[in-house]
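Here are my notes on the model, point by point. Have the coordinates open while you read.

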Amino acid sequence: MTPVSDQKQGSGAFSSLTKRDVLQWLKLLGVNTLGPSVSEAVEKNGKEQKQVLITKLRLALCDVQRLDLLFPGYVYGESPNMKLGNLPSWPNWHDARPELRFTSTGPQKVDGYADAARIDSYVMRHFSTMAFTQQENIQVTPMNAAKDITGAWIGTKQIMAKASLDITREGGKDTPFVIYYAEGKQPATSALIMEIMEVKQASWPEPGPKFLREIKMAQERKFGNSSDGPLNPMMQTPKVPVVVVRYSYIEGTRAIREGGSQFTRYLESRLKETMPPNTSAAALRNKLMFHLKCGETIPEEHIRMFARLLSHNAGLVDCEWRDDLQSHWFLPKEVEQETNISFFVPCPRLRFRALEEIETGKPPTPFNRCSTCGKDGSKSVCGSCKAACYCDLQCSKAGWPKHKAVCKFSKKILDDPASLPSNKFLIPARAYFSWSLDFGFANEQEIVKMGSGTVYESPRNEYGDERFVCFAILRLVGPSISITMFDRRRSVLVMAGHTEHRAAMEAGITIPFDKEGYSKFVKLIQKKGHGFQLLYVWVKRVGDCLEVDLEDVPNQSEYSWAC
């Protein structure tokens, strides 16, 4: 078998994915269902269906890598335009970190808070704390990934973590390349070789004034730091490493173990740069063979998925920059044919808006129809309830007499509870204190973004007058029952119950609380909910409140996005 690389359409190429491969990858990324666009494509032909699925996978891979945040100006779906060459280098990535070489004592010498700046400079740190949650790291999830395809995505992220550890511990200067062999086959029949060309630094977007206040309130609740002080190390805006590689996914035992590919021979020149000037050719060859034989063994499905991710990313890189690096000025033509230029970055979980678009086939566009004239594209919202949209101030004033009746509907819960509809449960849409659920995000700022939002402020109405589905969870909080509820894109996130009501009263805050509707809602969840505590329900926005329908309950089998 001859060596195979991305450009030769081998099994490590993104283009080699079968329909089954794509479906499996989407599932591993958290996609539960696929929308009507896939079904419509089925009616036409299998080739078109595969293209629809590939488009969904490309969107998913761009989202899990947060390419829109790391590369401002990058537009999904356009021609390759990622300007990696414009990014600054990661500070001191060439330098070794000897304190990490001794696993029994090195980490113990590091204080996670006092040494936060030093830890943050470790390339490896971001491939563990951004790609895996604290709970996943505690449970050693990355180390226990299934060896078959079901563990391939976790395994892919673990390969990134391994490579970043080598770069950090030994220093980029002494880590010219890394190699991974297919596990369980002797001799190995496939391998992935990556020449570490550079580590770039991408900047996560700095929060605006409003979001910064939310972050500071969250850090006070979570870590005890004052909301008036600076952000603690855990809450600060991260810098993200972008590891640029020249790689080759190789098949063929001779090419792998005997250094027979053109790429492995080329890597001798890289090794020579790290050795004394008078090193003999034989010693250099022995050094190369030593590195090749010391490569780690990784499950074959994991290596192949990572190679395909690199292949996908290679297609995003600015062509002119890539071609310059692959030109004959830098390496022989044979090596250029066997290799490609790509990059990898930490991969968190899919964000909910991207997940909704992938599953439904429709981008989750917020409602923007003017409540007065009915025109689409309104940019202004009611400053009080955030439920009504307007073209301009003139439409806002003209629509006020009608909107006034529902704008602060939560007051009706306090002032006239007897007038509330008996078949509905009213919940104030705004939060009275900062909180968040564990949705599986590892980045603290993303956790806050998926939280309750600005305290005392209702979230923007994204559904207009249409009803939408929310997921309700009945939870036991101490001696009391509490309800948490959210929509699929997490634009709505509310809590209701006696516990919240009492806590607010103790803090001197009055929360409008529909006690009768709450009691009926609890009984409905206990009667029709999965496990007597989980239920999808119809909800509608009414001013600054959410109105839950207690009679018309959705068919539970049609929804799975909260799983």
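1. Start with Glu 296, which comes out partly exposed at a relative accessible area of 31%. The cut-offs: buried is under 20% relative accessible area, exposed is over 50%, and partly exposed lies in between, with a 1.4 Å probe and protein chains only. Keep in mind that this is a predicted model, where local features need pLDDT of at least 70, side-chain atom pairs count only at pLDDT 80 or more, and totals for chains, interfaces and linings use all residues. Numbering runs from 1 along each chain as its sequence is written, and side-chain values use heavy atoms, with hydrogens and water left out.

2. Which side chain does Glu 296 meet in a salt bridge? The partner is Lys 162, at 3.1 Å from N to O. A salt bridge here is a side-chain nitrogen of Lys or Arg within 4 Å of a carboxyl oxygen of Asp or Glu. This pair links distant parts of the chain, 134 residues apart: Lys 162 sits in helix α8 (residues 152-170) and Glu 296 in strand β4 (residues 296-298). Those elements are DSSP runs numbered from the N terminus, helices being H or I with at least four residues and strands E with at least two.

3. A local pair for contrast: Arg 304 forms a salt bridge with Glu 301, and the closest N and O atoms are 3.7 Å apart. Both belong to helix α13, and because they are 3 residues apart, about one helical turn separates them. Arg 304 is buried at 16% relative accessible area, whereas Glu 301 is partly exposed at 32%.

4. Next, Glu 462 and Arg 489, bridged with their closest N and O atoms 3.0 Å apart. Glu 462 is in the loop between α19 (444-449) and β9 (468-477), and Arg 489 is in the loop between β10 (480-487) and β11 (493-497), so the bridge ties together parts 27 residues apart in sequence. Both residues are buried. Shared partners also join Asp 63, Arg 66, Asp 68, Arg 351 and Glu 446 into one salt-bridge network. The count by this rule comes to 29 salt bridges.

5. On helix packing: α1 (residues 19-28) and α13 (residues 300-314) pack at about 95°, with their axes 13 Å apart. That makes α1 roughly perpendicular to α13, a label covering 65 to 115 degrees; under 35 counts as roughly parallel, over 145 as roughly antiparallel and the rest as oblique. Axes are lines fitted to C-alpha atoms, for helices over the stretch in contact, and angles run from 0 to 180 degrees between N-to-C directions. Asp 21, Trp 25 and Leu 28 of α1 meet Met 305, Arg 308 and Leu 309 of α13, contact meaning heavy atoms within 4.5 Å.

6. How many disulfides does the structure hold? The count is 0, a disulfide being a pair of cysteine sulfur atoms within 2.5 Å. The sulfur of Cys 382 is 3.7 Å from its closest cysteine sulfur, in Cys 407, too far for a bond; Cys 382 is buried at 10% relative accessibility. For Cys 319 the closest cysteine sulfur, in Cys 62, is 15 Å away, again too far. Cys 319 is partly exposed at 29%.

7. Finally, some backbone angles to look at. Tyr 456 has phi near 70°, a positive value in a residue other than glycine, and is located in the loop between α19 and β9. Phe 532, also not a glycine, has a positive phi of about 65°. Its place is the loop between α21 (515-528) and β12 (534-542), and at 59% relative accessibility Phe 532 counts as exposed.
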